[in-house]
Amino acid sequence: MDVERITEELYGLRPADFVAARDTYVAQARGAKDPAAAKAIAALRRPATAAWAANRLARERPREAQGFLALGETLREAHRTLDAERLRAASREQHRVVAALARTAAELAGEAGQPVSDTVVREIEQTLHGVLAHQDVAEQWAKGRLVKVPGAAVGFPAVAAETTPPRPAPAGRKPDRHPDLARALAAVEEADAEVARCEREFEAADRARQAAATQAEEAAERVARLETDLAEARHARLDREATASRAATALTTAERALTRSRRAADRAARTAEGLRDRAP
């Protein structure tokens, strides 16, 4: 089966339709004896509403998406090089564009039959900030396949201060604050690493939950099959009991008929014996 095509189709569906469609494809893959495809499709996770709305923006508005991705590259490069001037300019653009695109994503979601609340709109904004801050999130969003809302982007991944040479301060001006900025960005990097660790733990817990849910579904299916077998066995037992009851009634009737016939035979024998005795 074409897993790439199926993945593209699934992440274009509304979240409410995702699971049923995914499970249908899993069943088809198993029926086609394609366990690798079945496993890959079963591993696909339903996107959160905000992530889905952001994905729809990337899918439906590719020109705006490309411009937004370019803005993210500019911001990340400014952080890597500690270019304060570019950073200030890109940051001002960031907040304006994120707010506008979040509203567009909400409108597209409504057009697709999935109206979103103000809370979800804020989560869309958080998702878009994550696209700007993190290359991996940007890559998934560009494909329209984000699954969850990324952690709050309190800063951008930073490089170690020693990898970026300090810039000399112009004559007559105060030294710039790049060392302080580097330390602040390093602290943000540590915080991002902690967020990543927590996300990995969450994902592991989510996988465990999904595995438990799958086992519960399989157990429920076994119970259903056993209940069906039990119901059929009970039905068969009732049929046999009814047959035995009819046989017992027939036996009783036959026994009574036999008793009557024997009595009639005895009477006939006695009559014949009396007639023989009176014969000359």
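Helices, taken here as DSSP runs of H or I with at least four residues, are numbered from the N terminus. On this basis the predicted model contains nine helices and zero strands, and its pattern along the sequence reads α-α-α-α-α-α-α-α-α. Among contacts with a separation of 6 or more, 70% are accounted for by residues 24 or more positions apart.

Helix α6 has 28 residues and reaches 40 Å from its first C-alpha to its last, close to the 40 Å expected at 1.5 Å a residue. The buried residues of α6 include Leu87, Ala90, Gln94, Val97, Val98 and Leu101, together with Ala102, Thr104, Ala105, Ala106, Leu108 and Ala109, and the buried residues of this helix pack against α4, α5 and α7. Just after α6, Gly113 takes a positive phi of about 85 degrees.

The packing of α5 and α6 is described by an angle of about 150 degrees, with the axes of the two helices 10 Å apart. Since angles over 145 degrees count as roughly antiparallel, α5 and α6 are therefore roughly antiparallel to each other, and their crossing is left-handed. On the α5 side the contact is made by Glu64, Phe68, Leu71, Thr74, Leu75, Glu77, Ala78 and His79, while α6 contributes Arg86, Leu87, Ala90, Ser91, Glu93, Gln94, Val97, Val98 and Leu101.

Helix α7, which spans residues 118-133, has 16 residues and reaches 23 Å from its first C-alpha to its last, close to the 22 Å expected at 1.5 Å a residue. Buried positions in α7 are Val120, Val121, Ile124, Thr127, Leu128, His129, Gly130, Val131, Leu132 and Ala133, and the packing partners of the buried residues are α4 (49-60), α5 (62-81), α6 (84-111) and α8 (135-143). Within α7 lies Thr127, which has a relative accessible area of 0% and, because buried means under 20%, belongs to the buried class. When neighbours within four places in sequence are left aside, Thr127 is in contact with Ala50, Ala54, Leu146, Val149 and Pro150.

Conventions:
Residues are numbered from 1 along each chain as its sequence is written. This is a predicted model: local features need pLDDT of at least 70, side-chain atom pairs count only at pLDDT 80 or more; totals for chains, interfaces and linings use all residues. Side-chain values use heavy atoms; hydrogens and water are left out. The expected span of a helix is 1.5 Å times one less than its number of residues. Buried means under 20% relative accessible area, exposed over 50%, partly exposed in between (1.4 Å probe, protein chains only). Contact means heavy atoms within 4.5 Å. Axes are lines fitted to C-alpha atoms, for helices over the stretch in contact, and angles run from 0 to 180 degrees between N-to-C directions. Angles under 35 degrees count as roughly parallel, over 145 as roughly antiparallel, 65 to 115 as roughly perpendicular and the rest as oblique. A crossing is left-handed if the near helix is turned anticlockwise from the far one by less than a right angle, and right-handed if clockwise.
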